[in-house]
Amino acid sequence: MYTDTERCVRAVQSKDARFDGWFFTAVRTTGIYCRPSCPAVPPKVENMTFLPSAAACQQSGYRACKRCRPDTSPGSPEWNARADAVARAMRLIQDGVVDREGVPGLATRLGYSSRQVERQLNAELGAGPLALARAQRAQTARLLIETSALPMGDIAFAAGFSSIRTFNDTVREVFALAPSELRAKAAGRGAAPGAGSAQVQVPGTISLRLPFRAPLTPDNLFGHLAATAVPGVEEWRAGAYRRTLRLPYGTGVVALTPRPDHIGCRLALTDLRDLTIAISRCRRLLDLDADPEAVDEQLRADPLLAPLVAKAPGRRVPRTVDAEEFAVRAVLGQQVSTGAARTHAARLVRALGEPVADPDPEGGLTHLFPTPQALAGLDPESLALPRSRRTTFTTLVSALADGSLPLGIDSDWEAARARLGALPGFGPWTTEIIAMRALGDPDAFIPADLGIRRAAKGLGLPSTPAALTARAARWRPWRAYAVQYLWATEDHAINVLPV
């Protein structure tokens with residue numbers, strides 16, 4: 001979008017928050033960059049230039065605006081809607097792959113050379129993978145500076161910087177303030193606005209706000225997560241969805257609370273280096289980088305869906321923090337009730353899950369979900385499943401454990417579908433539900449789902465899978481969101497925000 005100067009100017013002059021994260025406004029005369037909704041007086045048009053990423057702004061010598069804090073704006077919805085190399089690269093960078101494995105590691109995961117990855121990212125985003133990762137480190141550093149009492153050396157290490165000097169130089173360059181000055185300003189104003197506003201309220205716990213593009217209807221989002229929660233791994237407590245996290249450097253527990261203008265996020269981590277990755281996975285779980293205006297505009301054009309969209313706009317797709325975990329749970333949920341699927345999963349958790357400590361003394365979180373490697377060693381006869389389902393389960397976990405079935409944020413959606421469809425017991429429903437919730441394909445569609453067929457019949461839509469698929473062509477590329485609106489017509493716990 002940043003190449004459409006006229007449209008960008010209109011967005012900046014109207015302070016339209018819907019475009020935050022889509023592009024950034026760099027002001028030549030002041031040397032700062034802002035989000036489109038910056039509350040300051042808009043600069044003259046001739047002084048504006050538009051760039052596609054915060055990293056591109058920083059690489060061009062601009063510093064972040066101190067009023068609108070553009071480094072904390074919602075993420076670009078492009079990376080949720082695309083599965084090309086650039087989108088997959090951005091999802092991996094957000095998940096910390098460059099910090100952990102370097103640019104060669106990123107390129108290997110994508111199946112390209114380092115030079116090709118550099119060229120593609122620079123062409124589209126105006127910055128290479130190192131600059132994009134550096135911008136993310138700066139944002140994490142700012143969050144820890146403003147929200148914790150950690151020594152600056154510990155913050156530099158946690159944010160992924162190789163030295164204190166690099167940390168200090170980057171913070172000064174990006175924010176035009178020394179780290180100590182950032183902390184002093186944050187202490188003077190209390191909790192700061194935006195995604196980075198937070199306070200450490202419990203020792204070892206970081207509380208922050210996750211921004212999103214309005215509108216957001218939380219009912220089906222949190223209702224689905226709570227209704228399908230696996231005991232010991234997930235729970236709904238005190239108005240928050242809580243779950244355990246397996247992260248690159250350690251483990252964590254997160255509590256996510258829906259608020260009118262943000263999602264409250266409370267994180268307890270065994271290693272602070274996982275902070276950026278944990279935030280990224282929580283945003284992905286709740287689909288917070290979606291563009292509800294674009295989705296709802298497309299679906300609203302269908303007169304049969306329009307009343308559903310008008311009633312509760314901004315529905316999101318409940319996703320997952322671990323694609324492999326979700327794939328296993330999808331198999332456990334084949335042709336059984338939600339309660340039965342939870343029971344099967346809970347047995348596996350108690351038997352093979354890694355124990356963790358719940359930071360809430362009244363909480364009920366006890367384990368991480370078992371890894372595919374742990375599940376691969378399970379005796380199939382111990383599973384209380386039909387023989388055919390046991391075969392499906394064991395084949396899946398073996399493929400996940402030996403790496404022949406890669407599932408993750410960097411997956412090619414169509415290639416993953418093909419691999420899943422080749423497994424015994426994997427029909428369209430299982431493949432598409434994994435594509436929708438684990439891989440993040442916004443166009444995944446499950447016309448054979450019983451709830452979808454009932455909803456379709458009630459609305460006057462075709463109810464046979466083939467006819468409904470043909471009718472749903474007009475909803476593309478947002479059919480996964482249409483599924484949420486159709487599911488919401490049913491009286492089911494997944495559609496109700498727990499009390």
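Because the model is predicted, local features need pLDDT of at least 70 and side-chain atom pairs count only at pLDDT 80 or more, while totals for chains, interfaces and linings use all residues. Residues are numbered from 1 along each chain as its sequence is written, and side-chain values use heavy atoms, with hydrogens and water left out.

To start with the sheet: four strands make up an open, mixed sheet in the order β3-β1-β2-β4. Helices (H or I, at least four residues) and strands (E, at least two) are DSSP runs numbered from the N terminus, and two strands pair if DSSP finds at least two bridges between them. The edges are β3 (48–51) and β4 (63–64), each pairing on one side only. β1 (residues 24–27) runs antiparallel to β3 over four bridges, and Ala26 sits opposite Thr49 in β3. Helix α1 (residues 5–13) packs on this sheet, touching β1 and β3 (contact means heavy atoms within 4.5 Å). The direction of α1 makes about 105° with that of β3; axes are lines fitted to C-alpha atoms, for helices over the stretch in contact, and angles run from 0 to 180 degrees between N-to-C directions.

Next, the helix pairs. The axes of α5 (residues 97–110) and α6 (residues 114–125) come within 8 Å and cross at roughly 90°. That makes α5 roughly perpendicular to α6, a label covering 65 to 115 degrees. Val103, Pro104, Leu106, Ala107 and Leu110 in α5 meet Ser114, Val117 and Glu118 in α6. Helices α21 (residues 450–459) and α23 (residues 479–487) pack at about 75°, with axes 9 Å apart, and are therefore also roughly perpendicular to each other. Here Gly451, Ile452, Ala455 and Leu459 in α21 meet Val483, Leu486 and Trp487 in α23.

Thr170 lies in α9 (residues 164–175). At 3% relative accessibility, Thr170 counts as buried, meaning under 20% relative accessible area with a 1.4 Å probe and protein chains only. Leaving aside neighbours within four places in sequence, Thr170 contacts Arg134, Ala138 and Phe161.

Finally, the cores. A nonpolar core is a set of buried Ala, Val, Leu, Ile, Met, Phe, Trp, Tyr and Cys residues joined through side-chain atoms within 4.5 Å. The largest has 60 residues, of which Leu299, Val328, Phe393, Leu396, Ile434 and Trp475 touch the most other members. Another core, of 51 residues, lies apart from it and includes Ala56, Phe175, Phe212 and Ala278.

Conventions:
Parallel < 35°, antiparallel > 145°, perpendicular 65-115°, else oblique. Buried < 20%, exposed > 50% of the residue type's maximum accessible area, 1.4 Å probe, protein only.
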